[in-house]
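Visitor: I would like to learn how to read charged side-chain pairs in a model, beginning with the terms.

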Amino acid sequence: MKLDKYDRMFSTYVRLKERISGTELIKCCCCGKVIHWKNSQNAHYTPREHLSTRYDEHNCHACCEDCNCYKGGNLPKYKAFLKSKYGSKEVERLEKAKFQTVKLSKYDLDEMLKFWNAQIKIMTK
């Protein structure tokens with residue numbers, strides 16, 4: 001099953017959710033660079049090839065293109081960000097979760113898509 005439409009909507013949801021209050025800007029979770037949310041990317045701490053964490057909001061945050069693409073995710077700084085935001089136990093959970101097998105049905109994915117769409121509408125009013 002192709003996941004492109006789900007990935008696009010989840011990315012939009014994550015990046016909108018992480019805007020600095022009252023602005024259209026985000027702060028890169030790795031380097032702290034401030035950019036427009038539309039110019040940011042949805043970075044995955046554990047790679048998105050792992051379906052178990054692909055749509056986990058604790059695994060995905062707004063990031064600049066430089067850190068996400070050209071610095072290999074800037075993982076040491078991403079990990080430090082996650083530890084400060086969620087604590088070490090959550091980082092350990094994410095690192096272990098990538099080894100779990102998860103099967104998402106089309107129904108599951110469509111339900112998530114409905115939620116993200118609804119949240120995006122609220123955030124863009």
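Guide: Let us start with exposure: a residue is called buried under 20% relative accessible area, exposed over 50%, and partly exposed in between, with a 1.4 Å probe and protein chains only. This is a predicted model, in which local features need pLDDT of at least 70 and side-chain atom pairs count only at pLDDT 80 or more, while totals for chains, interfaces and linings use all residues. Residues are numbered from 1 along each chain as its sequence is written, and side-chain values use heavy atoms, with hydrogens and water left out.

Visitor: How many salt bridges are there?

Guide: Side chains of opposite charge can pair when their charged atoms come close. A salt bridge here is a side-chain nitrogen of Lys or Arg within 4 Å of a carboxyl oxygen of Asp or Glu, and by this rule the count is ten.

Visitor: Which residue does Lys79 meet in a salt bridge?

Guide: The partner of Lys79 is Glu95, at 3.3 Å from N to O. Glu95 belongs to helix H5 (residues 88-97) and Lys79 to helix H4 (residues 75-86), so the pair ties together parts 16 residues apart in sequence; helices are DSSP runs (H or I, at least four residues), as strands are (E, at least two), numbered from the N terminus. Lys79 is partly exposed, with a relative accessible area of 28%, and Glu95 is partly exposed at 26%.
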